[in-house]
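Let's take a quick tour of a protein model. Have the sequence and the 3D view handy, and follow along.

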Amino acid sequence: QGQRVESGGGSVQSGGSLTRSCACFDYTGGMSWCRQAPGKEREGVAAIGNWDHKSYANSVKGRFTISRDAVKKTLYLKMDSLIPEETAIYYCAAGPREVGSLSPGIYEYWGQGTEVTVSS
């Protein structure tokens, strides 16, 4: 699978937007974006599977969009209308299953994670 390189973290004010990217995923099966806030368990926020079927956590529906570019081998997460409670380290994850899932435990390959800070 190679090295995963994440980018697009940073700080934004409440209501703002950020786009995360995760390069070097030569994979067309199940992939996900997960996040872990301080003192909380890691949770899946968006997933994409074979045939590009997408799913989202209820808390982010309508605000987050997951996508991937097979040519660039990159997974993306566009995040709009961010709120302070979404401050966390965001990770990309993939494989080995073909379907996407919001359950972090099924994924075998992980990016290094980058921090997203949303200020009020």
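Leaving aside its neighbours within four places in sequence, which residues is Ile 66 in contact with? They are Met 31, Ser 32, Trp 33, Ala 46, Ala 47, Ile 48, Lys 54, Tyr 56, Leu 75, Tyr 76 and Leu 77, where contact means heavy atoms within 4.5 Å. Keep in mind that this is a predicted model, where local features need pLDDT of at least 70, side-chain atom pairs count only at pLDDT 80 or more, and totals for chains, interfaces and linings use all residues. Residues are numbered from 1 along each chain as its sequence is written, and side-chain values use heavy atoms, with hydrogens and water left out.

**The core**

- The largest nonpolar core has 25 residues; such a core is a set of buried Ala, Val, Leu, Ile, Met, Phe, Trp, Tyr and Cys residues joined through side-chain atoms within 4.5 Å.
- "Buried" means under 20% relative accessible area, "exposed" over 50%, and "partly exposed" in between (1.4 Å probe, protein chains only).
- Trp 33, Phe 64, Ile 66, Leu 75, Leu 77 and Met 79 have the most contacts inside this core.
- Strands that each supply at least two of its residues include β3 (18-23), β4 (31-36) and β9 (88-94); strands (E, at least two residues) and helices (H or I, at least four) are DSSP runs, numbered from the N terminus.
- The largest share of the core, four residues, comes from β9.

**Strand β9 and its partners**

- β9 is mostly covered, with six of its seven residues buried.
- With β4, β9 pairs in the antiparallel sense over six bridges; to count as a pair, two strands need at least two bridges found by DSSP.
- Trp 33 has Cys 92 in β9 as its bridge partner.
- β9 also pairs with β11, antiparallel again, over three bridges, and Ala 88 has Val 116 in β11 as its bridge partner.

- Arg 20 sits in strand β3 and counts as buried because its relative accessibility is 0%.
- The side chain of Arg 20 makes a polar contact of 2.7 Å with the side chain of Thr 114; that term means a pair of N or O atoms within 3.5 Å, where, within protein, one must be able to donate a hydrogen and the other to accept it, and residues adjacent in sequence count only if both atoms are side-chain atoms.
- Glu 43 lies in strand β5 and counts as partly exposed because its relative accessibility is 35%.
- The side chains of Glu 43 and Arg 35 are joined by a polar contact of 2.7 Å.
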